[in-house]
Amino acid sequence: MTPDSSSDLPTTVTAPLIGRASFAPGDIVRHRMFDFRGVVFDIDPVFANSDEWYEAIPEQIRPVKEQPYYHLLAENGDSSYIAYVSQQNLVADSDGGPIDHPQIDAMFDGIERGRYRVRAIHRH
C-alpha cells in the first residue's frame, strides 16, 4: 500500500541526540570516568558495535546509542589497547602529552600542536 498524499506520510523525524562529532582523527582524549587516554583514529556517527558489547556495560552508566562513538588507540598505566567510547564519555586531553601506543606510527605522522597528523594513506 502506498500513500495517496503527503498527509499520509509520517510527520516526525527522529534526529540523533548529538548532531556532530566533537573530536576528529588525531585528537587526544581521555575518558571521563575511567583512567585511560587515547588518540582518535575512526568515528562512527552512532553506535555500531555488537548488542552483546553494549549490554555488558552496567545499565546505570550505559551511554545512549544515538551519538558519535570513537575508536581509540588507548593506553592506561598498564597496557595499550583499542577502545570504543561514546562521545559523552570523552574530554579533550591534548595537554597530557603524547600517547604511547604501538600502532601510533602506523596511523599517524607525528604530533603537532597537541594532535596527531593522520598519515595520508589513512585519510578519507
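L73 is located in strand β3, where strands (E, at least two residues) and helices (H or I, at least four) are DSSP runs numbered from the N terminus. The model is predicted: local features need pLDDT of at least 70 and side-chain atom pairs count only at pLDDT 80 or more, while totals for chains, interfaces and linings use all residues. Residues are numbered from 1 along each chain as its sequence is written, and side-chain values use heavy atoms, with hydrogens and water left out.

L73 has a relative accessible area of 0%, so it counts as buried; buried means under 20% relative accessible area, exposed over 50%, and partly exposed in between, with a 1.4 Å probe and protein chains only. Not counting residues up to four places away in sequence, L73 touches R37, G38, V39, F41, Y81, I82, I99, H101, Q103, I104, M107 and F108. A contact here means heavy atoms within 4.5 Å.

**Chain totals**

The protein chain has two helices and seven strands, in the order β-β-α-β-β-β-α-β-β along the sequence. Of its 124 residues, 32% are buried. Among contacts with a separation of 6 or more, 54% join residues 24 or more positions apart. The accessible surface of the protein chain is about 8300 Å², and carbon and sulfur atoms hold 51% of that area; accessible areas come from the Shrake-Rupley method with a 1.4 Å probe, and for residues only the protein chains shown count as cover.

**Nonpolar cores**

In soluble globular proteins, nonpolar side chains tend to be buried together. A nonpolar core is a set of buried Ala, Val, Leu, Ile, Met, Phe, Trp, Tyr and Cys residues joined through side-chain atoms within 4.5 Å. The largest nonpolar core has 10 residues: F23, V29, F36, V40, Y70, L72, A74, A83, V85 and L90. Strands β3 and β4 are the elements that give two or more residues to this core, and β3 gives the most, with three residues. Apart from this core lies another of nine residues, including I28, I99, M107 and Y116.

V29, a member of the largest core, touches F23, R37, G38, V40, L72, L90, V91, A92 and D93, leaving aside residues up to four places away in sequence. D93 lies in the loop between β5 (90-92) and α2 (104-107), and at 14% relative accessibility D93 counts as buried. With the same exclusion of residues up to four places away in sequence, the contacts of D93 are I28, V29, R30 and R37.

**Aromatic pairs**

The whole structure holds nine aromatic pairs. Rings of Phe, Tyr and Trp (its six-membered ring) pair if their centres lie within 6.5 Å; planes under 30 degrees apart count as stacked, over 60 as edge-to-face and the rest as tilted. Two of the pairs involve Y84.

| Pair | Centre to centre | Angle between planes | Type |
|---|---|---|---|
| W53 and Y84 | 5.5 Å | 75° | edge-to-face |
| Y69 and Y84 | 5.3 Å | 25° | stacked |

W53 lies in helix α1 (residues 51-55) and Y84 in strand β4 (residues 80-86), so their pair ties together parts that are 31 residues apart in sequence. The pair of Y69 and Y84 links strand β3 (residues 69-75) to strand β4, 15 residues apart. W53 is partly exposed, at 31% relative accessibility, whereas Y84 is buried at 12%. Y69 is also buried.

Ring pairs join F47, W53, Y54, Y69 and Y84 into a cluster. K65 lies over the face of Y54, at 4.7 Å from the ring centre; a charge sits over a ring if NZ of Lys or CZ of Arg is within 6 Å of the ring centre and within 35 degrees of the ring normal.

**Loop residues**

Q67 is in the loop between α1 and β3 and is buried, with a relative accessible area of 0%. A polar atom of the Q67 side chain lies 3.5 Å from the backbone nitrogen of Q87.

R113 lies in the loop between β6 (108-112) and β7 (115-118). R113 is exposed, with a relative accessible area of 76%. Most residues other than glycine have a negative phi. R113 is not a glycine, yet has a positive phi of about 50°.

Key. Polar contact = N/O pair within 3.5 Å; in protein donor to acceptor, adjacent residues only side chain to side chain.
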